[in-house]
Amino acid sequence: MAHSLSQLISNASRMDDYDPDAMPVEKARLFIKQFLNPVDETEVLPIRESIGRILASNILSSINVPNYDNSAMDGYAFNAADININQTTKLIIIGTVLAGKTFDKKVALGQCVRIMTGGMMPEGTDTVVMQERIKVDGDYITFTETPKPKMNVRYAGEDLQVGQSVLTTGHLMQAADLGLTASLGISEIKVYRRLKVAFFSTGDELASLGENLKIGQVYDSNRYTLYGMLSRLGIEIIDMGAISDDPELLECTLLSAAKQADVVITSGGVSVGEADYMKLLLAKHGQVMFWKISMKPGRPLAYGKVDNAHYFGLPGNPVAVMVTFYQFVREALLVLMGQTNPAPLPIFNVICTENIRKQTGRTEFQRGILFSDTDGTWKVKPTGAQGSAILSSMSLANCFIVLDEAVGNLDAGSLVAVQVLHGMV
Ligand code: AMP
Ligand code: MG
């Protein structure tokens, strides 16, 4: 793997339409994808603790779910198959079936039982009519409309059948999956171990929280955004701090990060052409590609390996960190966590209610607000100023407005693609 990455780096300039100074977004994604080798260690967890983790074995159903034919309604059960039922039919009630209880009598033709939702269908019954569709007259019922045979019955195995594949290795466990495994009586499952990600910020101008801001300093916000985005993915986080632009300090932090973690993420110091130490260090210790992506924000980006760790060098600008994380890092991390074919963030088209300024030749990820308009349809508007240092635009946004390379300025009322971030940022 590392060998082919180094080959790729040394041969990159000879590849067809490879231009590190004008890398299309999709091409950079594909480059990264070919080097992602998922973790292979696993652990066994109680199902509740598996939320957000990736399944490391296939789950087969050892039982039928439901396990027995049962009623989907509160009503009356009887046999409709063998008699011609109509509104003049009278059935005598011979008992009641509650959910979780058995009914040991056989129900003969002309008889019925009162049955609750989830109650086991007694022998001799195949149909349930909901209680709102019958009239009770003493011990008898009659129908207010002609019932359809076999209605309102949930059959054994209708959800899951014995031996059926339920969930497969590589599946991201979500709330429904916890319930689904519980419905099979499974209390523990095997998942991949958590992915370890170490990160640090770089820059002489960075102050850490708790320090007083000196002239020319900014507080390090990238470590907090990264912390938030990584926590959402259930990752084990190793925060290596804000490191000043000091070659020795950077070198020892980078090597220590690569030793401890599966993935190292840095922010700042990867601008191509900049006299930054990170680039020199990465050339010395890693096999790393430096790109100028044809996108805004997020132009400089580095990807490669430092020892055995995957390395992502994100730009320093606070919005660019988030945009590049969502466009390149998030999906890569999910693959490394063991997820099979993670779904990209959903994209769909909606009308934008304001003019958009945009240069052709690069993909822009403008921050947008999806909102329900007075006519009841969902539309989008930009958050306002779109500078890559305006982090408040990310706080306001619930989506990116994704404008492809070919797109230029757009008038209000144009259809635009949006990538939903709600619950992600
Ligand atoms: P760089 O990529 O290192 O040239 O940084 C680009 C811009 O992002 C500069 O204005 C930096 O001050 C700013 N920046 C870099 N790292 C951080 C950080 N961790 N928190 C906030 N701003 C940052
Ligand atoms: Mg810097």
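Q: Which pocket does ligand 1 take up?
A: The second largest pocket. A pocket here is an open set of points on a 1 Å grid over the protein atoms alone, with protein on both sides within 12 Å along at least five of seven lines; a molecule sits in it if more than half of its atoms lie within 2 Å of its grid points.

Q: What should I know about the model?
A: It's predicted, so local features need pLDDT of at least 70 and side-chain atom pairs pLDDT 80 or more, while totals for chains, interfaces and linings use all residues. Residues are numbered from 1 along each chain, chains are lettered from A and ligands numbered from 1 as written, and side-chain values use heavy atoms, without hydrogens or water.

Q: How many residues surround ligand 1?
A: 15, and Glu205, Asp220, Ser221, Gly269 and Gly316 are the closest. To count, a residue needs a heavy atom within 4 Å.

Q: Which polar atoms pair up with its oxygens and nitrogens?
A: A backbone atom of Gly269 is 2.9 Å from a ligand oxygen, and a backbone N or O of Asn317 is 3.2 Å from one. Asn222 has a polar side-chain atom 3.2 Å from a ligand nitrogen. The cut-off for such N or O pairs is 3.5 Å.

Q: How much of ligand 1 does the protein bury?
A: 77% of the 490 Å² that ligand 1 exposes alone, by Shrake-Rupley with a 1.4 Å probe.

Q: New topic: how many disulfides?
A: 0, counting cysteine sulfurs within 2.5 Å.

Q: Is Cys112 buried or exposed?
A: Buried, because its relative accessibility is 0%; the limit is under 20%, with exposed over 50% and partly exposed in between (1.4 Å probe, protein chains only).

Q: And where does Cys252 fall?
A: Cys252 is partly exposed, because it's at 49%.

Key
A polar contact is a pair of N or O atoms within 3.5 Å; within protein, one must be able to donate a hydrogen and the other to accept it, and residues adjacent in sequence count only if both atoms are side-chain atoms. On a 1 Å grid over the protein atoms alone, a cavity is a set of points where a 1.4 Å probe fits but cannot get out, and a pocket is an open set with protein on both sides within 12 Å along at least five of seven lines; lining residues have an atom within 4 Å of a point.
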